[in-house]
Each structure stands twice: as structure tokens, then as C-alpha cells.
Amino acid sequence: MRTALLVRPSLNRSIATGAFVLVALGPLVFSSVWVSFILTQVFWYAIAASSLIFLSAYGGMTSLAQVSIYGVAGMVLGNTVTTGETKGLNLGLSPWIGLVAGIAIATAVALLLGAVASRSTGIYFLMLTLSFAVMVNYFFGQVTVVSGFGGIGGIQNHTPFGRPDLHANRLYYIALVTAIGVYALLRYVLRTPFGLVLQGIRDDPVRMSSLGYNVALHKTLAFGLAGFVASLSGVLFVWWNNQISPSSMDITAALNLLVIAVIGGLNRLEGAWVGAFVFVIVSDYAQSVGFLRGIGLTQTRFETLIGLVFLVIVLLSPNGLLGIWEWVRAAVTRVARQMRGRKDEPPQASPA
Amino acid sequence: MKPVPLLSDGRPSQLGIRLKSLLVGNGSRSAIIGRTSLLLAILFAIAWILFIAAPPTESGVGNWRTTTFGAAVHDPRDFLFTLLNTVTYAGLLFVVASGFTLVFGLMRVVNMAHGSFFLLAGYIGVRLQKSFAHAGVFGLSSSQVSLWKDWVLPLVIAVLVVSGTGLIVQQLLLRWNQGQELRQALITIALSLIIADQIVAHFVRGGAETMAWPNVLGPDKQLAIGSFTYPWSRLFMLLVAIGIGLGLLLWLHQTRTGLVIRAGVDDRHMVRALGIHIERVFAIAFVVGAALAGLGGVIGASFAAVDSGVDGQWLLNSLVVVIIGGMGSLGGAAVGALLYAFMSNFAAVYVPTTGPNCCTQYSIILTFALLVIVLAIRPYGLFGRPA
């Protein structure tokens with residue numbers, strides 16, 4: 001019993017440590033496609049998804065608006081730094097100003113949305129944030145002053161660290177450090193009094209309210225913090241993608257982020273990483289699997305494939321792949337203990 | 001700080017106090033300021049539309065008052081036209097959103113695939129009409145489309161297919177996890193992804209497609225009052241909506257199934273405990289909800305067009321309408337549809353434009369403002385109640 005308890009965290013921890021060492025070595029271990037394309041994509045997806053999971057798991061607010069927040073950050077950054085070669089305002093300011101402005105405005109928008117949505121809960125919250133997401137998408141599609149349907153391009157010419165397509169490793173490490181920083185930040189916030197109150201509100205808002213806590217304010221601030229995290233992801237996204245358009249934050253993008261969070265596990269921050277990794281791998285390698293091609297699920301039918309994966313996971317395991325993993329671990333431990341117990345037991349105790 | 005009275009709401013009071021509380025609120029000072037400024041904003045918007053807005057100039061260089069048509073007193077014709085557009089569009093919104101709100105009210109299922117049902121029916125309608133009416137390369141005009149064979153029959157088939165899909169979805173995927181709201185929403189989200197992608201795979205042929213109205217509702221069939229004309233097809237949408245609304249009211253208030261549904265909306269555990277087979281009623285409600293999405297889809301395909309992405313648009317429309325009106329309330333869906341249609345139609349023509357080349361549409365921002373204002377005053381919508 002005692003050994004089982006000791007082994008339990010250390011297995012997860014050793015897997016995490018191994019993964020960390022691998023990604024930290026990065027370019028030494030992985031091919032350049034993996035570094036510049038797959039893993040960097042995983043990192044910014046994971047950051048965005050961890051903002052969703054943070055709200056959902058610890059605030060009881062499943063938000064579909066995280067993509068909009070990251071879109072706002074990307075759009076502000078794009079409008080600020082570009083110098084006339086694209087749509088939008090083309091302010092041509094320093095990339096650092098663009099970075100700060102993108103994060104600040106996106107966080108402000110998140111606080112505003114959070115203030116509006118903070119009085120609703122559960123399924124209402126999901127619907128409300130979905131409405132926000134679609135409206136932000138239409139806003140950028142229709143307000144041609146800042147974007148229009150084509151969106152803003154040429155952002156990679158204006159980053160603080162040179163062109164990401166030429167210096168893939170720089171963006172890789174920036175994304176990696178940001179992602180780890182976000183993980184540490186969210187873990188830390190959850191242990192502060194604010195984080196504890198937030199979890200109390202998730203479990204029983206009425207009780208927390210009667211204890212004197214301002215429920216709406218805490219939810220608004222949590223949404224703002226998640227918006228800050230999502231805006232970091234948006235900045236990384238535009239640096240990685242070079243351009244951003246309303247379709248980067250449409251309903252499909254919003255649902256994809258939810259899919260990532262659900263696949264990984266909607267109740268743990270680590271789920272964001274697992275989900276992002278699986279999502280990116282499925283989206284990039286599904287076409288090379290012969291069986292899937294045989295039944296008509298190719299790259300072009302990616303949404304069907306990911307929808308089916310999503311459906312199966314929601315039906316089988318509400319806690320995602322991490323839930324399945326924990327279940328398997330528990331089952332293995334149980335079987336192992338039974339076998340060991342049978343061996344250890346004195347013969348007269350087991351008549352069979 | 002002023003203490004907030006504990007029992008400020010819901011106390012029976014005299015008419016004058018009720019009226020005062022409705023106008024300026026009876027809460028804190030900020031609430032009074034908020035409600036007063038809202039009232040002023042509404043009055044200003046009405047005054048703007050009726051009197052203040054200026055017509056476009058010959059040169060095309062407007063000032064801050066310049067709108068597409070100018071104020072209603074200058075151009076009553078276009079005002080009436082916009083008003084009728086609003087009411088008829090609200091009709092279609094109501095048809096679709098009433099299905100959404102019915103399912104939610106009874107089963108607490110947020111059907112995120114509602115827009116997908118809409119689009120599926122729309123595409124089935126388009127494809128069937130094209131094959132029934134032997135459409136050539138150039139598509140169909142209304143004169144080639146007969147009412148029963150080429151419009152009503154595709155509509156009936158599309159509605160039946162979507163209802164059947166709804167029944168399968170409800171029985172296979174939603175029935176056994178009743179009460180797990182988020183999980184059910186996620187399941188329908190997964191469905192919407194799959195259906196949207198399969199529609200792209202099987203129905204979408206590069207670009208938007210329209211179903212032609214039947215010949216009796218063609219573009220040449222206009223209601224004429226003096227010199228004012230208005231297409232009958234849009235009035236038909238309104239008639240359908242009124243018919244659906246009355247039908248749903250009669251169904252909910254005059255039949256046994258409706259009785260069970262209304263009881264189930266209030267307390268489904270009690271209904272079940274009384275020995276009523278509520279599972280069957282759940283199935284019926286879900287099928288009716290899907291059928292309404294399907295009906296809306298075929299009408300929407302005739303009124304506007306179908307394309308990939310329209311499903312998300314109509315999911316949003318349904319969501320906004322029922323969030324404004326209050327989830328689960330039929331009357332709320334009607335009011336929400338009217339408000340939403342008003343915002344999107346009037347904002348498109350009565351918000352000042354800054355020049356002939358301006359293409360920015362502010363209606364989405366104003367719709368968002370409407371949503372925010374309603375939620376700030378009533379977090380569960382105008383006619384909604386906490387779950």
C-alpha cells in the first residue's frame with residue numbers, strides 16, 4: 001500500500017521529466033520540421049487550451065471565447081506592427097509595443113467579457129462565450145478598418161527577435177519557455193487565496209457569496225487571467241503563422257480548442273499539453289495512416305476524424321486521455337496488488 | 001454606502017411604484033443611473049430613426065447624420081420596408097430558435113448541433129429541388145418550380161430526414177446521460193463538427209446555393225398597397241412563424257403531451273416520479289426541435305442561401321435569440337427574435353455611414369451591445385428563470 005502511494009506520483013513525474021528533457025533539448029533531438037512546425041504549434045495550442053482548462057477545471061466556467069481573446073491579441077499585434085503592406089491600421093510601431101498592446105488590450109477585452117458573463121454559470125456560460133466568440137469573429141470580418149475577411153499578413157517581418165521562419169529555434173524556445181511559465185503561473189495562482197476562493201466558487205457559489213466573497217468579481221478576474229494567458233498564445237500564434245484572419249478565430253477554431261482540452265482532459269492543466277500534442281499529430285499524420293485512408297478519412301476529412309475522436313472520448317471518458325491513463329494505471333495497480341497479495345498470503349487464508 | 005434592501009424584488013406594490021421601479025429601478029444609485037441612461041438611449045434611437053437621421057447626399061459625402069435612407073419622416077417607404085424585413089426575418093428566427101428553446105426548456109440539453117440540423121435540411125432541400133425540377137447548369141428560377149412537387153415535397157423530405165437524425169441522436173447519444181449538461185453539450189458539439197464536415201464532403205459544390213421559391217411565391221409575386229410593394233415570399237415566412245407559434249401554443253396547452261412537457265419544464269423528476277413515461281416525451285420534444293430546425297433550414301435556403309459556415313451562423317442566431325429571450329421560454333423566443341432582427345436590420349441602414357465606399361457593418365457590434373444590456377439587467381434573459 002505504502003509503496004503504491006509512493007510509486008504513483010513518481011511514474012507521472014518521471015514521464016513529465018522525460019518529456020521536459022526531450023523538448024528542452026529540442027533541436028538536438030527532433031528534426032527541423034518537428035521543431036519549427038509541430039512542437040511550436042503544440043506549445044501555443046497548449047497555452048490557449050490551458051487557459052480554457054484553468055477556467056473550466058478550477059472556475060467551473062467552460063469558455064469558448066478563449067480563441068477570440070487570442071485572436072484579439074493577434075489582431076492588435078498585427079495592426080500595431082505592420083507597415084503598409086497589408087490590411088488594417090498599419091501603425092508601424094515597434095514590435096515590443098505591439099506585443100504589450102496586444103496582451104494588454106486582449107486582457108482588457110477578457111475582463112469586459114468576463115464581467116458580462118460572470119453572473120451566468122455552467123451551460124449558460126458555455127453558450128454566452130460561444131456567442132462572444134462568433135461575434136468577435138464577425139467583428140473582425142466586417143470592420144474593415146482593422147481587418148476585414150482577408151486579415152493581416154506579413155507579421156513575421158516585425159518580431160522582436162528576427163524572422164521566425166529563418167530562426168525557428170528562437171520561436172521554439174520562446175514558445176517553450178512561455179508555455180512552462182504559464183503552467184507554473186497557473187499552478188501558483190491555484191494555491192493562492194484567490195485560487196482557493198475560485199475553487200470554492202466552482203463548488204458552491206451561494207456559500208462563498210454568503211461567506212462574504214464577491215463571486216462575480218472573482219470570476220471576472222479569473223476570466224481576465226485566462227485572457228492574459230490566451231493572449232500570450234495569440235502572440236505566439238501570429239509570430240508562428242505570419243498572418244491572422246477572422247477565420248483564425250471562427251467557430252471551428254473555438255471548437256478545436258475545446259476539442260484539444262476535452263481530448264487531453266478538461267479537469268487537469270496537464271491535459272492541455274496532452275490534448276494539443278494529440279490534436280496536432282492527428283491533424284498532420286492522419287493522412288499517412290493507410291487504414292484511415294481506406295475508410296475515407298483523409299486529411300481533407302480531418303474535421304470528421306477529429307469529431308469522431310472527440311465523440312468517442314466524450315462518450316467513454318469525460319476526463320479525456322488523462323482520465324483513461326489514470327484508469328489504466330489504477331487497474332494495473334489493482335491487478336498487481338491482487339497477484340502480489342495472493343502470493344504473499346498464507347495458504348490457509350485462501351482456500352481456492 | 002447605501003444598504004441594499006433585502007426584499008427589494010417581488011414585493012406586491014402599487015402601480016405607481018411598479019412603474020417607477022420599472023423605469024428607474026429600485027436598487028442602488030448605479031442601477032438607477034444605468035436604467036435611466038438605457039431609457040434615454042432607447043428614446044434617442046427611436047428619435048434618430050424617426051426624425052434625426054439625414055438622407056444620403058447627391059455628392060455621396062455625408063456628415064455624421066447621414067444614413068442609407070434618412071429618417072422615417074423623410075422616407076417612410078424605406079422605413080416601412082425595413083420594418084417589414086425585421087418582422088419577417090424575426091419569423092424565421094423564431095421558427096429555428098423555438099426548436100432550440102423547446103429542447104433546452106424540457107431536457108436541459110443545449111443542442112449545439114441545431115445549426116447543423118438547419119444546414120443539413122437546407123442542403124437536402126436544395127439538392128432535391130434541383131433534381132425534381134431538372135435544374136440545368138444555370139440553376140432554377142421560381143417560374144420553373146411548382147409548389148407541391150418542387151418545394152413542399154423537398155421540404156417534407158428534408159424535415160423528415162432531420163427529424164430522424166434527431167431521433168437517432170437523442171436515443172443513441174443523449175438518452176443515457178440525462179442531466180450531465182456539459183457532457184451532452186460536448187456530444188452535440190462533436191456531432192456538429194462531424195455533420196458540418198460531412199456536409200462539405202457530400203453537399204457543398206463550391207459556393208453558396210439557393211433554393212428557389214415556388215412559382216406562387218416568386219419574385220414577381222408582390223403585395224401591392226398603392227405604390228408600395230413587398231414580396232409575398234417574405235410575408236409567407238412570417239405566416240409560417242405565426243402558424244408554428246400558434247401550433248406550439250396549442251400543442252403545449254391543449255394536449256396531454258403538452259401538459260407533460262410543461263410539467264417537465266418545471267420539474268422533470270416529479271413528473272417521472274408520478275409514473276409518467278417522460279423518456280418518450282423527451283424523444284418527442286427533441287424530434288420536434290430538430291424538425292423546426294429543418295423547417296427553418298429549408299425556408300432559410302429559399303430566403304437566403306446555404307453554404308458551409310451557415311450552420312455556425314444559425315447556431316449563433318438561435319443562441320442569441322434564446323439568451324436574450326430566456327432559455328426555455330416560447331414567448332421569450334418570439335421577443336428575442338424580434339429584438340435581434342430589429343438590431344440587425346435597422347443597424348444595417350440607420351447607423352451613420354461615413355461615405356459611399358464604407359462597407360463596415362456595425363450591426364454585429366450593436367447586437368452584442370443588446371446582448372450585454374439584456375444580460376446586465378436580467379442574467380437569465382427577459383423571460384428566463386434560473387435553472
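Begin with the crossing of helix 2 of chain A and helix 6 of chain A, which is left-handed in this predicted model. To see it, select residues 32-59 and residues 168-191 of chain A; the two helices pack at an angle of about 20 degrees, with their axes 9 Å apart. Angles under 35 degrees count as roughly parallel, and helix 2 of chain A and helix 6 of chain A are therefore roughly parallel to each other.

Next, show the side chains along this contact: on helix 2 of chain A they include A:Ser32, A:Leu39, A:Phe43, A:Trp44, A:Ile47 and A:Tyr58, and on helix 6 of chain A they include A:Ala168, A:Tyr172, A:Leu176, A:Val182 and A:Leu190. Colouring the contact by class gives 18 nonpolar and six polar residues, with no charged residues.

Staying on chain A, select A:Ala49, which touches A:Leu257, A:Ile260, A:Ala261, A:Gly264, A:Ala272, A:Gly275 and A:Ala276, leaving aside residues up to four places away in sequence. Both A:Ala49 and A:Ala276 are among the residues with the most contacts inside the largest nonpolar core, which has 211 residues, and B:Leu93 and B:Ala337 complete that group.

Finally, turn to the place where the chains meet, where 30 residues of chain B are in contact with 33 residues of chain A. On the side of chain B that touches chain A, select helix 6 (181-202), helix 11 (310-325) and helix 13 (363-377) of chain B, the elements that give two or more residues to it. Helix 6 of chain B provides the largest share, 14 residues, and by class this side of chain B has 23 nonpolar, four polar and three charged residues.

Definitions and conventions:
Residues are numbered from 1 along each chain as its sequence is written. Chains are lettered from A and ligands numbered from 1 in the order in which they are written. This is a predicted model: local features need pLDDT of at least 70, side-chain atom pairs count only at pLDDT 80 or more; totals for chains, interfaces and linings use all residues. Axes are lines fitted to C-alpha atoms, for helices over the stretch in contact, and angles run from 0 to 180 degrees between N-to-C directions. Helices (H or I, at least four residues) and strands (E, at least two) are DSSP runs, numbered from the N terminus. Angles under 35 degrees count as roughly parallel, over 145 as roughly antiparallel, 65 to 115 as roughly perpendicular and the rest as oblique. A crossing is left-handed if the near helix is turned anticlockwise from the far one by less than a right angle, and right-handed if clockwise. Two residues are in contact if their C-beta atoms, placed from the backbone, lie within 7 Å. Ala, Val, Leu, Ile, Met, Phe, Trp, Tyr, Cys and Pro count as nonpolar, Asp, Glu, Lys and Arg as charged, and the others, Gly among them, as polar. A nonpolar core is a set of buried Ala, Val, Leu, Ile, Met, Phe, Trp, Tyr and Cys residues joined through C-beta atoms within 7 Å. A residue is buried if 20 or more other C-beta atoms lie within 10 Å of its own, exposed if 12 or fewer, and partly exposed in between; C-beta atoms are placed from the backbone.
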